[in-house]
Amino acid sequence: APRARLWVWMAAAIFAVLALALGVLQQTRQKTPSAAMAQAALPASAAAASQPAPAASAIAVAPAAPAALSWPSAAQDETALWPLLAQNWGATVSGSDPCAALRGQGLFCARLRSTTLAEVVALDRPGITTLQDPQGMRHAALLLGVDDGSVTVQLGGQRQALSRAEWGAAWRSDFATLWRVPAQGLSDEALAAQLRALPGAVPAPPGATLASRVMAFQRAQGLAADGMAGAQTMMHLNRALGVAEPRLRER
């Protein structure tokens, strides 16, 4: 019957299409290896090159930290350090009272307690400090230089560098140093002349007292504004005027 023949033709056509599709699929699989096989077939160098590059932060190298301090075996006082400190100002120390000997050479001693490293850096001069080792023994050290990452001292006859963290753990917050008496002397008239000679100084307003001018300078330097020209004020004044004194930071 015509209807039966139609079903036979349709079945044959469907079978032919399926056979053709199956043959094409088999040929494609034979010709194209899988992604995993292709990766395995690559040489080692090519496979490595195909991997994504590591992030830059993954290969950053940390800066080397200063070596640990070499501590003296016995406690060290400051007696032997005053002559070394005085040498920086071209002076000598004799006798049992170094500060008395230095006054005769135009230098004054200054001793600060409970200070900070920022304040010491602002004074910008070498000085004598006290460091405490891990066993609790105290040692006088000569502070020579400070940079962003480390502090340089002379300790136990050796020049050594320690990290800021190690310094903070060992330092007793004291600082003894020297400052040079100005060539004009220490009179009120000499102090007024120095304030007038400061770079960028403007004439004092009428009726301004010397104390008020000192206070203005102290505020500009971040000092306690008490109007008294004490050791710290004089050291900042010397530095601002370019008086020839040794500097703490190595230049």
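This is a predicted model: local features need pLDDT of at least 70, side-chain atom pairs count only at pLDDT 80 or more; totals for chains, interfaces and linings use all residues.
**Entry 1: α9 against α10**

I looked up helix α9, residues 210–220, and helix α10, residues 231–241, and found that their axes come within 11 Å and cross at roughly 75°. The two helices, α9 and α10, are therefore roughly perpendicular to each other. I then listed who meets whom: V214, F217 and Q218 are the residues on the α9 side, and T233, H236, L237 and A240 are their partners in α10. Sorted by class, this contact of α9 with α10 holds four nonpolar and three polar residues, with no charged residues.

**Entry 2: α8 against α10**

I next turned to helix α8, residues 188–196, whose axis comes within 10 Å of that of α10, the two crossing at roughly 45°. An angle that falls between 35 and 65 degrees counts as oblique, and α8 and α10 are therefore oblique to each other. For the handedness I noted that the crossing of α8 and α10 is left-handed. On the α8 side the contact is made by L191, Q194 and L195, and on the α10 side by M234, L237, N238 and L241.

**Entry 3: the largest pocket**

I looked up the largest pocket, for which the computed volume is about 410 Å³. Its lining has 17 residues, and those closest to the centre of the pocket are L195, A201, V202, R213 and A216. At least two residues of this lining come from each of α8 and α9, and α9 gives the most, with four residues. By class I recorded 12 nonpolar, three polar and two charged residues in the lining of the largest pocket.

**Entry 4: the cavity**

I searched for cavities of 30 Å³ or more and found that the structure holds one; the space in the largest cavity comes to about 40 Å³. Its lining consists of E78, R111, I128, T129, T130, A140, D174, F175 and A176. The elements that give two or more residues to this lining are β2 (127–132) and β6 (175–180), and the largest share, three residues, comes from β2. I divided the lining of the largest cavity into four nonpolar, two polar and three charged residues.

Note on methods:
Residues are numbered from 1 along each chain as its sequence is written. Side-chain values use heavy atoms; hydrogens and water are left out. Axes are lines fitted to C-alpha atoms, for helices over the stretch in contact, and angles run from 0 to 180 degrees between N-to-C directions. Angles under 35 degrees count as roughly parallel, over 145 as roughly antiparallel, 65 to 115 as roughly perpendicular and the rest as oblique. Contact means heavy atoms within 4.5 Å. Ala, Val, Leu, Ile, Met, Phe, Trp, Tyr, Cys and Pro count as nonpolar, Asp, Glu, Lys and Arg as charged, and the others, Gly among them, as polar. A crossing is left-handed if the near helix is turned anticlockwise from the far one by less than a right angle, and right-handed if clockwise. On a 1 Å grid over the protein atoms alone, a cavity is a set of points where a 1.4 Å probe fits but cannot get out, and a pocket is an open set with protein on both sides within 12 Å along at least five of seven lines; lining residues have an atom within 4 Å of a point. Grid points are joined across faces, edges and corners, and a volume is the space filled by probe spheres set on the points.
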